[in-house]
Protein chains: 2
Amino acid sequence: MEEMEVNMNAMLAAGLLLLFAMPGELYRIPPHEEVARMARFVANQCNWASMATISTHEPVQGQPFSNAFSTSDGPVGSGTGVPYMYLTTMEISVQDLKVNPQASLSMSLAQTDFCKNQGYDPQDPLCAHIIFSGSVLEINGTEATFAKKALFSRHPEMVDWPTDHNWFFAKMNITKVWVLDYFGGVKTVTPEDYFKATPYKRHH
Amino acid sequence: MEEMEVNMNAMLAAGLLLLFAMPGELYRIPPHEEVARMARFVANQCNWASMATISTHEPVQGQPFSNAFSTSDGPVGSGTGVPYMYLTTMEISVQDLKVNPQASLSMSLAQTDFCKNQGYDPQDPLCAHIIFSGSVLEINGTEATFAKKALFSRHPEMVDWPTDHNWFFAKMNITKVWVLDYFGGVKTVTPEDYFKATPYKRHH
């Protein structure tokens with residue numbers, strides 16, 4: 001472990017690589033030009049997202065509404081790219097989704113220690129963030145079983161959430177991915193390219 | 001300084017208070033029942049927010065859109081409660097605001113070390129978060145001068161952002177504050193009560 005840290009510091013000092021230190025494993029941030037991989041990386045590193053909905057609540061009916069939700073696309077290092085959520089219709093944004101499932105999820109490396117450690121301001125384009133457009137839909141059957149495992153492994157307290165809240169599993173059905181990373185403005189990624197990409201590559 | 005830390009650990013050990021350790025100063029999280037104070041506390045602790053807008057961009061025109069922006073209501077410990085931002089119309093969400101300034105900003109203590117340190121999941125109601133409804137408006141004159149100071153002190157790299165981007169100062173003109181903290185569902189706070197509250201009290 002100590003050897004690993006020394007190795008990491010040496011690489012950081014060389015200024016060649018930006019690395020995330022995870023328990024027992026090192027993850028390398030993808031190169032800026034691999035936009036789909038970067039999107040998958042951010043989606044897998046973050047364990048919560050900000051969701052925008054169209055509000056159904058007085059006095060802001062029809063206005064945009066932002067709220068935070070825990071997410072998981074699977075274990076860190078092997079996520080599928082699908083943002084799963086554990087929701088209840090007692091929640092105000094979820095009530096919006098029942099009327100209009102169109103939503104947007106944003107996730108930023110500002111949520112991790114990465115941007116702080118690198119000295120990147122949250123609004124700096126080097127502090128990569130992604131935005132999903134699509135719909136949030138309830139899931140059942142084998143996909144719900146997978147979502148439960150993906151969520152509860154990264155959010156262990158979910159297992160104890162009050163049973164009378166009628167929790168259900170949901171996913172963001174992604175129609176477009178927006179990537180704000182590096183300079184030159186926003187880039188977009190199709191769902192196809194997004195799901196084809198792999199966020200992590202093994203070190204050799 | 002060492003004496004301060006010992007004092008803090010003693011209090012934490014006693015389980016009586018939840019404290020934030022800031023350079024040279026200690027901040028106490030407000031009690032749950034002081035909803036307006038809690039909102040001011042979260043707004044002042046966070047240095048970025050997720051903004052929801054109604055998109056003007058194809059193929060998601062009319063749909064909600066979530067994006068991250070650096071914010072500041074002033075120095076930690078003495079904010080005014082007004083979320084200021086430094087924006088450019090080159091930015092996709094800002095282009096949405098030019099068509100419809102209605103927006104929502106959410107800020108969560110999940111953005112700070114607080115929830116992690118306390119072991120609260122980002123979606124746990126003990127991991128306090130707030131949502132502003134209102135409009136994002138350009139500001140000028142003395143308010144812009146104040147916003148510049150508030151923003152640049154907490155986001156020092158802003159001073160170096162490219163001058164050809166036509167940056168301007170903006171504020172969230174708050175019409176309603178939603179507070180998700182503790183159990184029992186969302187609470188709302190009027191702008192009047194929000195601005196009357198003080199986020200921090202001195203220790204005696």
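**Exercise 1.** Which hand does the link of B:C115 and B:C127 have, and what is the angle about its S-S bond?

Solution. This is a predicted model; local features need pLDDT of at least 70, side-chain atom pairs count only at pLDDT 80 or more, and totals for chains, interfaces and linings use all residues. Residues are numbered from 1 along each chain as its sequence is written, chains are lettered from A and ligands numbered from 1 in the order in which they are written, and side-chain values use heavy atoms, without hydrogens and water.
- Step 1: A disulfide is a pair of cysteine sulfur atoms within 2.5 Å. Those of B:C115 and B:C127 are 2.1 Å apart.
- Step 2: The angle about the S-S bond is 95°, and the link is right-handed.

**Exercise 2.** Find where A:C115 and A:C127 lie.

Solution. 
- Step 1: The two form a disulfide, with sulfur atoms 2.1 Å apart.
- Step 2: A:C115 sits in helix α4 (residues 114-118) of chain A, and A:C127 in the loop between α4 and β7 (129-138). Helices (H or I, at least four residues) and strands (E, at least two) are DSSP runs, numbered from the N terminus.
- Step 3: The pair links distant parts of the chain, 12 residues apart.
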